[in-house]
2 protein chains.
Amino acid sequence: MSHSELETLIHLMAKLPGLGPRSARRVVLHLLKQKDALMRPLAQSLLQTADNVVNCEICGNLDVASPCHICTENKRDTKTLCVVENVADLWAMERGSIYRGLYHVLGGVLSAMDGVSPKDLNIDKLANRVANDDISEVIIATNATVDGQTTAHYITERLAEYGVEITRLAHGIPIGGELDYLDEGTLSAALKSRK
Amino acid sequence: MSHSELETLIHLMAKLPGLGPRSARRVVLHLLKQKDALMRPLAQSLLQTADNVVNCEICGNLDVASPCHICTENKRDTKTLCVVENVADLWAMERGSIYRGLYHVLGGVLSAMDGVSPKDLNIDKLANRVANDDISEVIIATNATVDGQTTAHYITERLAEYGVEITRLAHGIPIGGELDYLDEGTLSAALKSRK
């Protein structure tokens, strides 16, 4: 290892998810070979994004403006809300271009183990939106994990008083999936929901 | 995906070795959660390193000064040169703290396939150092690949005229390695070099 400046950079890089000290060194050496093509643009882009990107005050999405471009887009179906755990899930839904409604980002899931209670999540704002906006359907798209399911149940109960339709993403066999490799839980869910 | 600024950052991140579009998105979301603790320091460190880190004019190492801190360190054995393919290999040698001589970074290996010829590497400077400095031993520490071995052979011939001692790293069984999992080439090398 050479000088402290390089070590600082490697140390910071190693904090990124999926990178360790070894891969951080590789990344830094790669960057130093392309100072003008990659290293400086990356640094500028990091600073610019850190300065400009904010959480949307309505849905919690990350964007350069608040309300975000999804909340302000004209062509969206404003009567449907899709509730997701985090921004990554929102992006995953958007990639498919199959959903044209609005979103609500919870910012996590309820978890007794990690001490996450309803007040730590963006749930009050969700109840407000359902109560005050003209929403006809709430699609709960939390992950199919124990915590995700618990959160979905909690939200369903919480929103019951508003008389809005509450739906969940279907469970079943992934497209291209082979029965032989699926767990019993998924198979049983797919069988129960057969059409 | 939201706005172009975020997309630019994800696009740049995805160019780093070991990261793809999916992990780049994960890294960017992680950074946005820690703007002041990680994102801005990382950007500053990238800019600072890009501005200050240069290749050492003597050995080719990366450092904030040229000559680098290894070439200028007093306690080093200046009669021994270790020839490595790249800076990552130099760092690997330094991590062990077992070698106390100087280095020479080739910047690659000879490769007919990739069209790398001797003039593309830092070999002339190596010959100059051996000819003009008081060097008694050159340790060739290129990788144990075909191209690495070819480069080692070339350097050995090139330096023959200077009457300097030329050695190579030993081949053999890695510490902790099991015979059962080793290839025949390594086993045969270990057997030949038995002591």
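This is a short tour of a two-chain predicted model, with stops to select in your viewer.

**Stop 1: the whole pair**

Show chain A and chain B together. A rotation of 180°, with 0.0 Å of shift along its axis, superposes chain B on chain A. To find the axis from chain B, select B:A43. Its C-alpha is the nearest to the axis in that chain, 2.2 Å away.

**Stop 2: the interface**

Now color the residues where the chains touch. Chain B gives 49 residues to the contact, and chain A gives 49 residues. About 4900 Å² is buried between the chains. Carbon and sulfur atoms give 72% of that area. Pick out B:E5, B:L46 and B:W91 next. These three supply 14% of the area that chain B buries against chain A, more than any other three residues.

Eight residue pairs are in polar contact across the interface, both partners at pLDDT 80 or more. Which elements of chain B give two or more residues to this side? They are α1 (4-13), α2 (21-33), α3 (35-52), β2 (62-63) and α5. The largest share, 16 residues, comes from α3(B).

**Stop 3: B:R40**

Stay on helix α3 of chain B and select B:R40. The residue is partly exposed, with a relative accessible area of 25%. Leaving aside neighbours within four places in sequence, B:R40 is in contact with A:L47, A:A50, A:D51 and B:K35. Look at its side chain. A polar contact of 2.4 Å joins it to the side chain of A:D51, in the other chain.

Within chain B, the side chain of B:R40 also meets that of B:D36 in a salt bridge, at 2.9 Å from N to O. The two lie four residues apart in helix α3, so about one helical turn separates them. B:D36 is exposed, at 61% relative accessible area.

**Stop 4: the bridges between chains**

How many salt bridges cross the interface of chain B and chain A? The count is two. Select B:D51 and A:R40 to see a salt bridge of 2.4 Å, N to O. This pair runs from helix α3 of chain B to helix α3 (residues 35-52) of chain A. B:D51 is exposed, at 52%. A:R40 counts as partly exposed, at 24%.

**Stop 5: bridges elsewhere**

Over all chains, the structure holds 16 salt bridges. In chain A, select A:E73, A:R76, A:E94 and A:R100, which are linked in a network of them. Then go to A:D120 and A:K119, whose closest N and O atoms are 3.9 Å apart in a salt bridge. A:D120 is partly exposed at 43%, and A:K119 is exposed at 69%.

**Stop 6: B:E85**

End in chain B, in the loop between β3 (77-84) and α5 (87-96). Select B:E85 there. The residue is buried yet has no salt bridge. The nearest side chain of opposite charge, B:R168, is 9.6 Å away. What does the side chain of B:E85 reach? It reaches the backbone nitrogen of B:N143, at 2.7 Å. Its contacts beyond four places in sequence include B:V105, B:L106, B:G107, B:T142 and B:G148.

How values were computed
Residues numbered from 1 in each chain as written. Chains lettered and ligands numbered in written order. Predicted model: local features only at pLDDT ≥ 70, side-chain atom pairs only at ≥ 80, totals over all residues. Heavy atoms only, no water. Least-squares fit on C-alpha atoms with pLDDT ≥ 70 in both. Buried < 20%, exposed > 50% of the residue type's maximum accessible area, 1.4 Å probe, protein only. Lys, Arg positive; Asp, Glu negative; His and termini not counted. Salt bridge = Lys/Arg side-chain N within 4 Å of Asp/Glu carboxyl O. Polar contact = N/O pair within 3.5 Å; in protein donor to acceptor, adjacent residues only side chain to side chain. Contact = heavy atoms within 4.5 Å. Buried area = accessible area lost by both parts, 1.4 Å probe.
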